[in-house]
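Please read this note with the model open beside you, and look up each residue as it is named.

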2 protein chains.
Amino acid sequence: MVAQSGGPTVAINASLAGVISGVTKSGQYDTVYGSINGILGILHDNIMNLSELVKKQPDALSTLTHTPAMYLGSCRFKLPDFLDDDSAYIYIFQQFEALNIKAFFYIGGNDSMDTVLKLSNYAKKIGSDIRIIGIPKTIDNDLMETDHTPGFGSAAKYIASSILEIAHDTFIYAVKSVTIVEIMGRDAGWLTAASALARNEYSTAPHLIYLPEVAFDKDAFLRDVKELLETTNNVIVAISEGIHDADGNYISASESSTDTFGHSQLSGAGKCLEYMIKENIHVKVRSVEVNVLQRCASHLSSKTDLDESFLLGEKAVACAEEGLTASMVTLKRTSNTPYQVSYGHARIESIANEAKSVPTEWISEAGNDIREPLLDYLRPLIQGEVPVTYKNGLPMYMNVSHLSNSKPLN
Amino acid sequence: MVAQSGGPTVAINASLAGVISGVTKSGQYDTVYGSINGILGILHDNIMNLSELVKKQPDALSTLTHTPAMYLGSCRFKLPDFLDDDSAYIYIFQQFEALNIKAFFYIGGNDSMDTVLKLSNYAKKIGSDIRIIGIPKTIDNDLMETDHTPGFGSAAKYIASSILEIAHDTFIYAVKSVTIVEIMGRDAGWLTAASALARNEYSTAPHLIYLPEVAFDKDAFLRDVKELLETTNNVIVAISEGIHDADGNYISASESSTDTFGHSQLSGAGKCLEYMIKENIHVKVRSVEVNVLQRCASHLSSKTDLDESFLLGEKAVACAEEGLTASMVTLKRTSNTPYQVSYGHARIESIANEAKSVPTEWISEAGNDIREPLLDYLRPLIQGEVPVTYKNGLPMYMNVSHLSNSKPLN
């Protein structure tokens, strides 16, 4: 049984394809089931036979690998502690038994690894030999014990390409301007750091980079921008959505609308910095909130990322066959030039509910840029392009009508 | 002499490449100069020799064709009426004479065609035989006398692909939700209409489409959304940034921030509709403002669009050779299946300062969707993909360092 959970990435279906491929090649397993909407599919009897799907649709594995978001849908559901309430656990393991499930693979981020940990602990308690294995994915790249996470490389490639294209868009007017680009990442700045990959022989954008790992100082920010504007027409600033001040307060503008709506709305860090510039430096200013495409633009994914994600799916199946449980499969970088990784695994206790930040030594002293070793770490992850199949001018993805038919759970 | 003006598109450099190619093939012209930052380059002696560039860099034409925004930079500059003040005109035509310029090509949208008109009239008045020809470009697709405009097809492809990817992103949660996608287009809804191309056999998104051509009715909108939510989990709504009510007021929420900044800020139509849903329908809601990438994402451009843009550039040079002036080159659709266009021209008086809206008969009676004939019109324009050259994981575009070195004009 396999399921997906948490937020979308471009690579999470590649890992799903890897699991299906692993089971197809397996000497121990003959069928792989998918649970729709994460662990909730098991609880709500919403399960599909993925082995049959692949038999009926021979190109399914390839199309799946290139389809964004979750083919099996997702959930944001935290299992209760089974010492408080074990009813969900009892039902889940009954379902496993009914379908003769021998291994359960959960593809997700930090929260999903919490589910892997809880299910592993419960399996141990009841003496079940069902293997429980996590497969990492998150554009945030903040999982412990793995060099990087599937989904991150493609998001990083999208961010760097977008910053480069925004630079071209910005450079055309010979007027002083500031462009703030807000990038996903509430607690970790990995994805925002990837904006630095956009720099090339003719563009030094982004000129400033602010991560949540460093306390944001408004005065220093305004000073940095003013100084840059003395020599540069168009200043581009990359910021994480999660930047905060020294007291830990998010940089955001609380706004009350003055029209008929009346509710107070929280606007993001990008808008907030845009207002700061407007108030204090009188130049043209724009903020760009890079939208959900940074996590679902399969039309611009990293081949390195998709390849690794697929292989991690296969690796998880191989690990289960070898008897491993209570673990997450991992990537270990064995060489940077040439870039090489090995596929391993780590105990789930050291991963679940932990988060990996950008190390201080990879951030500039002034806290407004990243350092060369971080670029060396990032660069291999965005390499390679994936040929997208187009039909009628649009990318061709897997049919996900089974999701829109899902009974609403709220 | 050639220059570019107005807002960026993915195709405007393809037309520039077409002009350079046309001059290279020409029996009458030997050199093409580029004016940096539109007409302002001529006024500020900021001119480059494009023929030399192409000689030095043999792949320049191809790279240029695939580079977003304006290689020559842009401006937002309206020439005064020469009856009021002819000093700029005198200087421009002196420059033309000094460089032995025989034709001037201006690639741009409505405002740029105003410049073409004024220069044409002035040339006539002083008896100059310099040809003045406009080459259309705008993602808004709102120029008269041409079936469609360069830049629109690629933007339409980007919008349709993005809506499809946003649909995949949205479908993953089995909870009721509304996603508002705000698309560029203040006066014309062509680009927002292109969102309908995202519909396929498994996704009916966008479920509602609102264009500036129809007065927006808040009550009808909320009724439409509520009705859809009865049968659909995840409702996706595409709106033009320029939607307005029956009195012509833009749909936007004027907000005063309650923190230290204190200024009143205008938030867009997307945010405004997001607030409407929050207030009136208690489901998860998100608004996505498709950012500047919709006009500069060369990594996802339409081959049809780039090919036509290039050929229009060549056509403009051919027209000048034939003695044409005071005109804009145009596309005429001669057949829809198979899609075929012919390249022509039209008098600039009937184009400058006019705008083409989406015809009422192509919009649904309820004003919340488009009709089949509009889809038939749009579909051919997004066909075909353009192979992007990548270097170190990023798209390779033309070096535009000459723009960042431009002296600021403000």
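Over how many Å should the 12 residues of helix α10 (residues 269-280) of chain B span at 1.5 Å a residue, and how far apart are its end C-alpha atoms? The first point takes this up, after a word on conventions.

This is a predicted model, in which local features need pLDDT of at least 70 and side-chain atom pairs count only at pLDDT 80 or more, while totals for chains, interfaces and linings use all residues. Residues are numbered from 1 along each chain as its sequence is written, chains are lettered from A and ligands numbered from 1 in the order in which they are written, and side-chain values use heavy atoms, with hydrogens and water left out.

1. The 12 residues of α10(B) should span 16 Å, and its end C-alpha atoms are 16 Å apart, which agrees. The expected span is 1.5 Å times one less than the number of residues, and helices (H or I, at least four residues) and strands (E, at least two) are DSSP runs numbered from the N terminus. Among the buried residues of α10(B) are B:Cys272, B:Leu273, B:Tyr275 and B:Met276, where buried means under 20% relative accessible area, exposed over 50%, and partly exposed in between (1.4 Å probe, protein chains only).

2. Helix α5 (residues 87-98) of chain A has 12 residues and reaches 17 Å from its first C-alpha to its last, close to the 16 Å expected. Its buried residues are A:Ala88, A:Tyr89, A:Ile92, A:Phe93, A:Gln95 and A:Phe96. Seen down the axis of α5(A), these fall within an arc of 150°, so they line one face of the helix; the arc is that of the directions from the helix axis to the C-beta atoms. On the other side of α5(A), A:Glu97 and A:Ala98 are exposed.

3. What do the buried residues of α5(A) pack against? They pack against α2 (40-43), β3 (47-49), β4 (103-108), α6 and β5 (131-136) of chain A, with contact meaning heavy atoms within 4.5 Å. After the helix comes A:Asn100, whose phi is positive, near 60°.

4. The contact is made by A:Tyr89, A:Ile90, A:Ile92 and A:Phe93 of α5(A), together with A:Lys118, A:Leu119, A:Tyr122, A:Ala123 and A:Ile126 of α6(A).

5. B:Cys75 lies in the loop between α4 (60-65) and α5 (87-98) of chain B, and is buried, with a relative accessible area of 3%. Leaving aside neighbours within four places in sequence, B:Cys75 is in contact with residues including A:Tyr173, B:Asn37, B:Leu40 and B:Tyr106. B:Ala69 is also found in the loop between α4 and α5 of chain B; B:Ala69 has a positive phi of about 60° although it is not a glycine, and counts as buried at 0% relative accessibility.

6. B:Ile159 is found in helix α7 (residues 152-170) of chain B and counts as buried at 1% relative accessibility. How far apart in sequence and in space are B:Ile159 and B:Gln294? They are 135 residues apart in sequence and 6.6 Å apart in space, C-alpha to C-alpha. B:Gln294 is also one of the residues in contact with B:Ile159, as are B:Ile183, B:Leu191 and B:Val290.

7. Finally, some backbone details of chain A should be checked by eye. Most residues other than glycine have a negative phi, and most peptide bonds are trans. The bond from A:Ala205 to A:Pro206 is cis, with omega near 0°, and A:Pro206 lies in the loop between α8 (190-193) and β7 (208-210) of chain A. A cis peptide bond also joins A:Thr337 and A:Pro338, where A:Pro338 is in the loop between β12 (327-336) and β13 (339-347) of chain A. A:Ala326 has a positive phi of about 50° although it is not a glycine, and counts as buried at 10% relative accessibility.
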